[in-house]
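Subject: Handover of a structure and notes on its contents

Dear colleague,

Please find below the structure I am handing over to you. My notes on it follow directly after.

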Amino acid sequence: MKKLMIISDFIEGQPVVASVRFSEIMKHLEALYELYIVNDFKYGSQPSLYSDFSLKYTTIDSKFSNQLSEQKNKKGLLEKWLRNKFLLKIWRSYKFSNTLFNKNNKEFYQNLFELLSSTKIDYIFVTVPDIYVIYIMKFIKENFPHIVIIVEVRDILNHNIGEGNPTTILKKAEKTMINYSDGIIALTTTIADYYKKLSKGNVDIQMIRNGFYGDNFLSCQYEGCIKNKKKLTFAHIGSIYKGRNIKDFIKGLILFYKKTGVEVVFNIVGVIDNEAYEDISKIFGIKEIEINIVGVVPHEKALDYLKNCDVSVIITHKTGSNYAIPGKTFEYIGACKPIIAVTEDPELKRFLEPKYGECANHNSEDVRDKLIKITQAHYDFSDRELYSREKQVESIINFLESKVR
């Protein structure tokens, strides 16, 4: 059996889509390869269930992160001051430093070197945009240039999501990724085009879309137009962080109720950060809509919220997310639920409209109008099998094998 090393940020067991996706892909790969798992200790400190060999690297974080505290209290003045754009850039330049990462992972690199010296690894599959995995793949290529490394890119590294991104470091990491990879898998056409242009055609880049795990949605079917319903349930599955525009979506729900008289329930399932919680808190108590912050639940329970809703919700950042399609999109399609996306991202808009749902601009009036349109329209989920996890993994395997052949 051939040996495949996976280098990732998350592994299974974490309450985020990336972790669920990791697990679903590994279920297919473990039947074909002997797996070696490398990941960030912070996003899975336990050994992976999919390998007898797990190696952990470490990364640093700040106690002044924007994650929601257990007490759900507002950020203190010190934290708000520390999160200004200038200081964030200084902090992230330090945090993302290749030199610092290498210094903090000397033992990890030693163990990795010993493994690759004693074991014939046939391929290495690296998932990005975790910048640290690029430092690891550079180390591997410089010491073991014969090993085939394929990089899967979930979003471009040098994006404008949030504030204080260290552009110089991110651009350098992108060049390193291009120079040290044997091929790149891009999850969207715009990511593929971006790196084709950056690499000047010197790297084989293939677009393979994300997917959903088919077994989870065998019983799902499209229920048709929802125009006669007097009450609608909306569900957002996954994290809301770094300024995803939940405020205008909720205001749009209120306007929708006032315009149509249709009652609204909005279930928010997953991790939210302080900024999102503050935006939601300002709107709590408005009787027109019921907002339920469900929080983190097992993935199977989260899917229940999705399967039982009338409309699924995607909320993007106002700027910076022009290239990626959120992973939850494909589970929404698998569940055959019409999608309302608060986004102006061209890639997502081209993919969703008008087949699977509607995209609203980042203002509450347009959210209202697109919600009204969703209640009156019919959508087509007949081709959802195109995005099954099985087909995605099959394409990944074919790309990996083509590099060895």
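The largest nonpolar core has 59 residues, and Phe234, Ile246, Phe249, Phe266, Ile340 and Leu352 are those with the most contacts inside it. By nonpolar core I mean a set of buried Ala, Val, Leu, Ile, Met, Phe, Trp, Tyr and Cys residues joined through side-chain atoms within 4.5 Å. Buried stands for under 20% relative accessible area, exposed for over 50% and partly exposed for anything in between, with a 1.4 Å probe and protein chains only. Helix α9 (residues 246-260) gives the most to this core, with 6 residues. A second, separate core of 45 residues includes Ile7, Val153, Ile178 and Tyr195. As background, nonpolar side chains in soluble globular proteins tend to be buried together.

Leu352 touches Ile314, Thr329, Ile339, Ala341, Gly357 and Cys359, leaving aside residues up to four places away in sequence; a contact here means heavy atoms within 4.5 Å.

Please note that this is a predicted model, in which local features need pLDDT of at least 70 and side-chain atom pairs count only at pLDDT 80 or more, while totals for chains, interfaces and linings use all residues. Residues are numbered from 1 along each chain as its sequence is written, and side-chain values use heavy atoms, with hydrogens and water left out.

I turn next to the sheet. It is an open sheet of 7 strands in the order β3-β2-β1-β4-β5-β6-β7, with parallel pairing. Helices (H or I, at least four residues) and strands (E, at least two) are DSSP runs numbered from the N terminus, and two strands pair if DSSP finds at least two bridges between them. β3 (53-57) and β7 (205-207) stand at the edges with a single partner strand each, so one side of each is left without a neighbour in the sheet. From one strand to the next, the twist averages 20°.

Strand β1 (residues 3-7) pairs with strand β2 (residues 34-40) in the parallel sense over 5 bridges, and Lys3 has Glu34 in β2 as its bridge partner. β1 is also joined to β4 by 4 bridges, and these two strands run parallel; Met5 stands opposite Ile124 in β4. β4 pairs in turn with β5 over 6 bridges, again in the parallel sense, and Ile124 stands opposite Ile149 in β5.

How many residues of β4 are buried? The count is 6 of its 6 residues. Tyr123, Phe125 and Thr127 lie on one side and Ile124, Val126 and Val128 on the other, so that both faces are covered.

Helix α6 (residues 132-143) lies across β1, β3, β4 (123-128) and β5 (148-153), running at about 155° to β4. Helix α15 (residues 389-404) lies across β1, β4, β5, β6 (183-186) and β7, at about 150° to β5. Axes are lines fitted to C-alpha atoms, for helices over the stretch in contact, and angles run from 0 to 180 degrees between N-to-C directions.

Finally, the axes of helix α7 (residues 167-180) and helix α8 (residues 189-199) come within 11 Å and cross at roughly 80°. The contact is made by Glu174, Met177 and Ile178 of α7 and Tyr194, Tyr195, Leu198 and Ser199 of α8.

With kind regards
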